[in-house]
Amino acid sequence: MTGNFTVRPAVPTDARAVSLLMYEAIGDIAHTIAGTTDLPDTLEVLEGLFQLPGCRLGYDNALVCEDQDGGIAGFVLSYPGEQAAALDIPLLRRLQERGLPTDGLVPEANPGEYYLDSLAVSGAYRGAGLGTRLIEAFEQRAADLGQSRAMLLVESENTKARALYERLGYSPDGWLDLSGHRYQRMIKAIPA
């Protein structure tokens, strides 16, 4: 079934579809990043940030999976850990300009790690293998960039996702607390 889908680099016009999926993937973290509590406001901020190149949540860090009609079936957002501080500048600037706290915006990846920031598959396409396909595209992007270690986070209660990541070769590597939730770090060596 995954043969009817295409994975491609994201473009700014994917912002609306990806922001909805991004919110689904990161939940409360989206409110922390956006400095908002209202869902429509948060989605509007995510759309704007997605359209910014050089931003952690920017389109230039994303791949999308399209169905045969060009609809967005899923996305994955990733970047090298050593770029995290620079990619956070637009987020920090936005929060500071509004007088909002920035202490909730913490580095999630370390230098030397290629970080899968977020991934989501639209409900209509779940179970079709698209999550695995997007993870494989993420790992290929890491290899293409010369990265040797992939890292992702999984919420402590998300046993289904953890089982998928373990099946794909990821191993536990400590814990991280973000926006009131506990996440397990998981790593995998990327062959050269």
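Me: Which helix does Thr132 lie in?
Reply: Thr132 is part of helix H5, residues 130-144. Helices (H or I, at least four residues) and strands (E, at least two) are DSSP runs numbered from the N terminus. The model is predicted, so local features need pLDDT of at least 70 and side-chain atom pairs count only at pLDDT 80 or more, while totals for chains, interfaces and linings use all residues. Residues are numbered from 1 along each chain as its sequence is written, and side-chain values use heavy atoms, without hydrogens and water.

Me: Is Thr132 buried or exposed?
Reply: Thr132 counts as buried because its relative accessibility is 17%; buried means under 20% relative accessible area, exposed over 50%, partly exposed in between (1.4 Å probe, protein chains only).

Me: What is Thr132 in contact with, leaving aside neighbours within four places in sequence?
Reply: Leu164, Arg167 and Leu168, with contact meaning heavy atoms within 4.5 Å.

Me: Now the sheet. What is the strand order?
Reply: S1-S2-S3-S4-S5-S7-S6, an open sheet of seven strands with mixed pairing. Two strands pair if DSSP finds at least two bridges between them.

Me: Which strands stand at the edges?
Reply: S1 (6-9) and S6 (171-178); each has a single partner strand, so one side of each lacks a neighbour in the sheet.

Me: How do S5 and S7 pair?
Reply: Antiparallel, over seven bridges, between residues 149-155 of S5 and 181-189 of S7. Glu155 has Tyr183 in S7 as its bridge partner.

Me: Which strands does helix H6 touch?
Reply: Helix H6 (residues 159-167) packs on the sheet against S5 and S7, and its direction makes about 160 degrees with that of S5. Axes are lines fitted to C-alpha atoms, for helices over the stretch in contact, and angles run from 0 to 180 degrees between N-to-C directions.
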